[in-house]
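Please open the structure in a viewer and keep a residue selection tool at hand. The stops below proceed from one selection to the next.

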Amino acid sequence: MKNIDINTLKVTNEIQLAKIPTFINVEASEKKKEKELQKIREKLSKIQDKMYAHNKYGVLICLQGMDTAGKDSLIREVFKEFNARGVVVHSFKTPNSTELEHDYLWRHYLALPEKGKFSVFNRTHYENVLVTKVHPTYILNENIPGINSVEDITPEFWENRFESINAFEKHIASNGVIVLKFYLHLSKEEQRQRLLRRLETEKHNWKFSPGDLKERELWDAYQNCYEQAINKTSKKYAPWYIVPADNKETCRYLVAKTILEELKKYTDIQEPELEQEVKDNIKMYHDKLASEI
């Protein structure tokens with residue numbers, strides 16, 4: 001199996017999405033990729049157990065991508081070896097009335113990981129500079145002072161949002177949250193094929209919405225917004241990774257591999273040492289419990 005350097009996926013300079021491939025050949029069968037993913041899952045599970053005991057870091061995994069990019073199945077396949085207490089998935093939909101009574105980052109603060117745990121954002125706080133930028137009328141629902149019409153939403157408004165998001169991520173990173181952001185890079189043709197499969201396979205019909213086609217017509221607008229958001233917010237403390245997503249198995253493998261390689265850098269994550277007094281008396285504690293039989 002071809003070894004892929006995850007650093008080639010990390011955004012460290014300004015990028016153009018149109019020049020980045022949506023498919024990568026890892027020179028392996030689907031079965032081989034599944035076996036490699038299984039190995040990584042087991043290693044990640046052990047790291048999570050250690051993190052839980054260490055109780056100093058949380059991990060925030062952010063997943064973004066166009067419709068049908070494979071976010072749901074990726075979450076299922078990458079994290080299924082985790083202890084249920086160790087990972088929480090949040091799928092952010094259109095803000096409800098309560099959420100709209102707060103600033104746009106409020107609901108994301110509430111979903112941040114506890115120490116020792118993973119939070120997975122399936123769609124993220126970046127929707128606030130993606131969907132809202134493609135559909136600026138949505139901003140009016142936030143009832144922001146000075147924003148009374150779409151004409152009031154200036155380029156400076158979006159720059160301020162990018163700055164706020166960077167500040168949010170820097171703040172949580174400095175307080176022990178490891179932030180890893182993944183853009184699942186799907187081609188327009190592959191999306192077409194996946195939407196067709198939803199229509200052609202009866203058990204998947206429920207996944208289809210006519211709105212999917214309306215959003216697909218805005219493909220170029222979304223690509224421009226993603227490109228700008230990634231370029232504005234890929235930072236050392238919260239990097240973006242652009243992962244080719246035309247093949248789901250390869251995409252899952254690369255995301256899992258990236259998470260593993262990044263977490264391995266935190267060599268301070270170790271199970272806590274027992275106090276010396278407890279160590280010295282382990283045999284006594286054991287014998288006391290054993291004698292109860």
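How much space lies in the largest pocket? About 1,500 Å³ of space lies there. A pocket is found on a 1 Å grid over the protein atoms alone, as an open set of points with protein on both sides within 12 Å along at least five of seven lines; a lining residue has an atom within 4 Å of a point. Grid points are joined across faces, edges and corners, and the volume is the space filled by probe spheres set on them.

The model is predicted, so local features need pLDDT of at least 70 and side-chain atom pairs count only at pLDDT 80 or more, while totals for chains, interfaces and linings use all residues. Residues are numbered from 1 along each chain as its sequence is written, and side-chain values use heavy atoms, with hydrogens and water left out.

**First stop: the largest pocket**

Select Asp67, Lys71, Lys93, Arg123 and Asp212, which lie nearest the centre of the largest pocket among its 45 lining residues. Next, colour helix 2 (71-78), helix 4 (131-134), helix 6 (188-200), helix 7 (210-216), helix 8 (219-233) and helix 9 (248-263), the elements that give two or more residues to this lining. Helices (H or I, at least four residues) and strands (E, at least two) are DSSP runs, numbered from the N terminus. By class, the lining of the largest pocket holds 18 charged, 16 polar and 11 nonpolar residues. Here Ala, Val, Leu, Ile, Met, Phe, Trp, Tyr, Cys and Pro count as nonpolar, Asp, Glu, Lys and Arg as charged, and the others, Gly among them, as polar.

**Second stop: the second largest pocket**

Select Ile178, Lys236, Tyr237, Glu262 and Tyr266. These are the closest to the centre of the second largest pocket, of the 16 residues that line it. Its volume is about 220 Å³. The lining comprises 11 nonpolar, 1 polar and 4 charged residues. Strand 4 (residues 177-185) contributes the largest share of this lining, 4 residues.

Is strand 4 largely enclosed or open? Strand 4 is largely enclosed by the rest of the structure, because 9 of its 9 residues are buried. Buried means under 20% relative accessible area, exposed over 50%, and partly exposed in between (1.4 Å probe, protein chains only).

Show the side chains of strand 4. Val177, Val179, Lys181, Tyr183 and His185 point one way, whereas Ile178, Leu180, Phe182 and Leu184 point the other way, and all are buried. In a regular strand the side chains alternate between the two faces of the sheet.

Two strands pair if DSSP finds at least two bridges between them. To locate this pairing, select Gly58 and its bridge partner in strand 4, Val177.

The structure holds 2 cavities of 30 Å³ or more. A cavity is a set of grid points where a 1.4 Å probe fits but cannot get out.

For the largest cavity, select Pro95, Glu99, Leu100, His102, Asp103, Tyr104, Arg107, Asn128 and Glu142, which line it. About 80 Å³ of space lies within the largest cavity, and its lining divides into 3 nonpolar, 2 polar and 4 charged residues.

For the second largest cavity, select Lys33, Glu34, Leu37, Glu249 and Arg252. Its volume is about 30 Å³. Helix 1 (30-54) and helix 9 each supply at least two residues of this lining, and helix 1 gives the largest share, 3 residues. The lining has 4 charged residues, 1 nonpolar and no polar.

Select Lys2, in the segment before helix 1. Lys2 is partly exposed, with a relative accessible area of 37%. Not counting residues up to four places away in sequence, Lys2 touches Asn25, Val26 and Glu27; a contact means heavy atoms within 4.5 Å.

**Final view: the whole protein**

Clear the selection and show the entire protein, which has 11 helices and 5 strands. Its C-alpha trace spans about 75 × 50 × 40 Å along the principal axes. Of its 293 residues, 46% are buried.
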